[in-house]
Amino acid sequence: QVQLVESGGGVVQAGGSLRLSCVASGRTFSTYTMGWFRQAPGKERELVAAIGWMGHINYADSVKGRFTISRDNVKNTVYLQMNSLKPDDTAVYSCAATRTTSPLGPYNSWGQGTQVTVSS
C-alpha cells in the first residue's frame, strides 16, 4: 500500500477553480491506478476521475469538460484541476490508489480527504 496526502481544498465561488494535489509515498507510484473520489453530505461516495499507470483516463459524466486529472510520476503526485465549479461540486474529495488496471478498483489505499466548498 501507499500513503496518500491530499491538499488544495478550500472555499471558492461558483465558476471558480481549484487544483487538488495528492502526494503518494513509496517508489512504485507509477504502477498504480489513481482515482479522485468525492462524498457530499447525505450522498454516496462517487468516483470523479481516474488515471491509469499507462495514462488512460476516465471521468464521471458530471465533471466531463470541467475537471482534468493528471499525474507526475517523478513527483509521486496526482492532480485534479477543477474549473467552472458549481455548488453541487461541494464535497470531501479523496484520492485513492489501486494496483488494478480498472478505474473501478478495488481501491485499497486512501487519503484523509480535503474539503471543497463552492458557494453560489
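Guide: K75 lies in the loop between β7 and β8, where strands are DSSP runs of E with at least two residues, numbered from the N terminus. This is a predicted model, in which local features need pLDDT of at least 70, side-chain atom pairs count only at pLDDT 80 or more, and totals for chains, interfaces and linings use all residues. Residues are numbered from 1 along each chain as its sequence is written, and side-chain values use heavy atoms, leaving out hydrogens and water.

Visitor: Why does K75 count as exposed?

Guide: Exposed means over 50% relative accessible area, buried under 20%, and partly exposed in between, with a 1.4 Å probe and protein chains only. K75 has 53% relative accessibility, and therefore counts as exposed.

Visitor: What makes β7 and β8 a pair of strands?

Guide: Two strands pair if DSSP finds at least two bridges between them; β7 and β8 (residues 77-82) are joined by 6 bridges and run antiparallel. Within this pairing, S70 stands opposite Y79 of β8.

Visitor: How do you know that C22 and C95 form a disulfide?

Guide: The term requires a pair of cysteine sulfur atoms within 2.5 Å, and the sulfur atoms of C22 and C95 are 1.9 Å apart, so they form a disulfide. Because C22 lies in strand β3 (residues 18-24) and C95 in strand β9 (residues 91-98), the pair ties together parts that are 73 residues apart in sequence.

Visitor: What makes this disulfide right-handed?

Guide: The torsion about the S-S bond of C22 and C95 is about 50°, so the disulfide is called right-handed.

Methods. Helix = DSSP H or I, 4+ residues; strand = E, 2+ residues; numbered from the N terminus.
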